[in-house]
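My notes follow in the order in which I looked.

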Amino acid sequence: MKKAIVLAGSRGIGKAIADSLKQLNMEVVATSTNELDTSNIAQVKKFAQEQKEADILVLNTGGPPAKEFSKITEEEWNKYHNQLFLGFCILFQNLWINQGGYVFLVSSSIIKEPIPNLILSIAYRVAFSSVLKVLSKTYAAQEISCINIAPEPIGTDRLKNLVENMDEFANTLPMKRVGKPEEIGKFVKSIVEEDIKYITGVTINFDGGISNYIF
Ligand SMILES: NC(=O)c1ccc[n+]([C@@H]2O[C@H](COP(=O)([O-])OP(=O)(O)OC[C@H]3O[C@@H](n4cnc5c(N)ncnc54)[C@H](OP(=O)(O)O)[C@@H]3O)[C@@H](O)[C@H]2O)c1
């Protein structure tokens, strides 16, 4: 593993993943919105052309605002379609993942248990999770593992924007705390470091036991 690309690697979950991978002595390209806004398709194409290939690709980006369905504008539908779905598809079509590599998607637990006011987020994440699942079959022939990480709730700027009183909220959770971004970073690092490949096409809940479903 020589090169990792971590999109939205400047803060929160993405930064924790980038920091963990740096400990494995590889080149880590961690982007902020300054280097790559995944809703800007021209920028995504240029980025893929410049980078050309990677051993590890972490597909991450900013989350859409919480909004009632009736209040979502056409402009917002288009922006988040690009940001959470089309930009990632274009990257896959233009960026080569080396044999034996990894693709990690940072999605959300709401792809399995929807929350009504996060419909912008759910809709496009479910769509892209389907693309990743299909591609995991093709990539398996080259031993490239595709892992969908579905977090909730992790203590980042994003969560602070969505939750009013963090202490009160934490008390309602099974572990009485929110997750640490570093826990996701360590998870990704351990999969890569231990050369685990047979886990692919799966969605991993990273939710401290919140989910109510069995599968
Ligand atoms: N935290 C949670 O509990 C939680 C739960 C479920 C899902 N998620 C999802 O996980 C992802 C990461 O969340 P986080 O909690 O780590 O968020 P965060 O701490 O707020 O960090 C957001 C990251 O996304 C980047 N970003 C924002 N808009 C972007 C865009 N249009 N294109 C590319 N990069 C962009 C930011 O770059 P700048 O530094 O340049 O702003 C930053 O690196 C989000 O999609 C979020 O919805 C988070």
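Axes are lines fitted to C-alpha atoms, for helices over the stretch in contact, and angles run from 0 to 180 degrees between N-to-C directions. Helices (H or I, at least four residues) and strands (E, at least two) are DSSP runs, numbered from the N terminus.

I kept in mind that this is a predicted model, in which local features need pLDDT of at least 70 and side-chain atom pairs count only at pLDDT 80 or more, while totals for chains, interfaces and linings use all residues. Residues are numbered from 1 along each chain as its sequence is written.

**Sheet.** I traced six strands in an open, parallel sheet, ordered β2-β1-β3-β4-β5-β6, where two strands pair if DSSP finds at least two bridges between them. At the edges I found β2 (27–30) and β6 (202–206), each of which pairs on one side only. On average, neighbouring strands are turned by 20 degrees against each other, direction ignored. I followed β4 (96–106) alongside β5 (145–151), a parallel pair with five bridges, and noted that V103 has C146 as its bridge partner in β5.

**Helix α1.** I saw that α1 lies across β1 (3–6), β2, β3 (53–59), β4 and β5, and that it runs at about 170 degrees to β2. Nine of the eleven residues of α1 are buried (20 or more other C-beta atoms within 10 Å of its own; exposed means 12 or fewer, partly exposed in between). Among the buried ones are G12, K15, I17 and L21. Leaving aside residues up to four places away in sequence, I17 touches V6, G9, V58, I184, G185 and V188.

**Ligand.** Which residues come nearest to the ligand? Of the 28 around it, I listed A8, G12, G62, G63 and T156, counting a residue as near if its C-beta atom, placed from the backbone, lies within 6 Å. Both α1 (12–22) and α5 (157–162) supply at least two residues of this shell.

**Backbone angles.** Most residues other than glycine have a negative phi. N25 counts as exposed because it has 9 C-beta neighbours inside 10 Å. K52, in the loop between α2 (41–51) and β3, has a phi near 65 degrees, and K52 is exposed because 10 C-beta neighbours lie inside 10 Å.

Definitions and conventions
Two residues are in contact if their C-beta atoms, placed from the backbone, lie within 7 Å.
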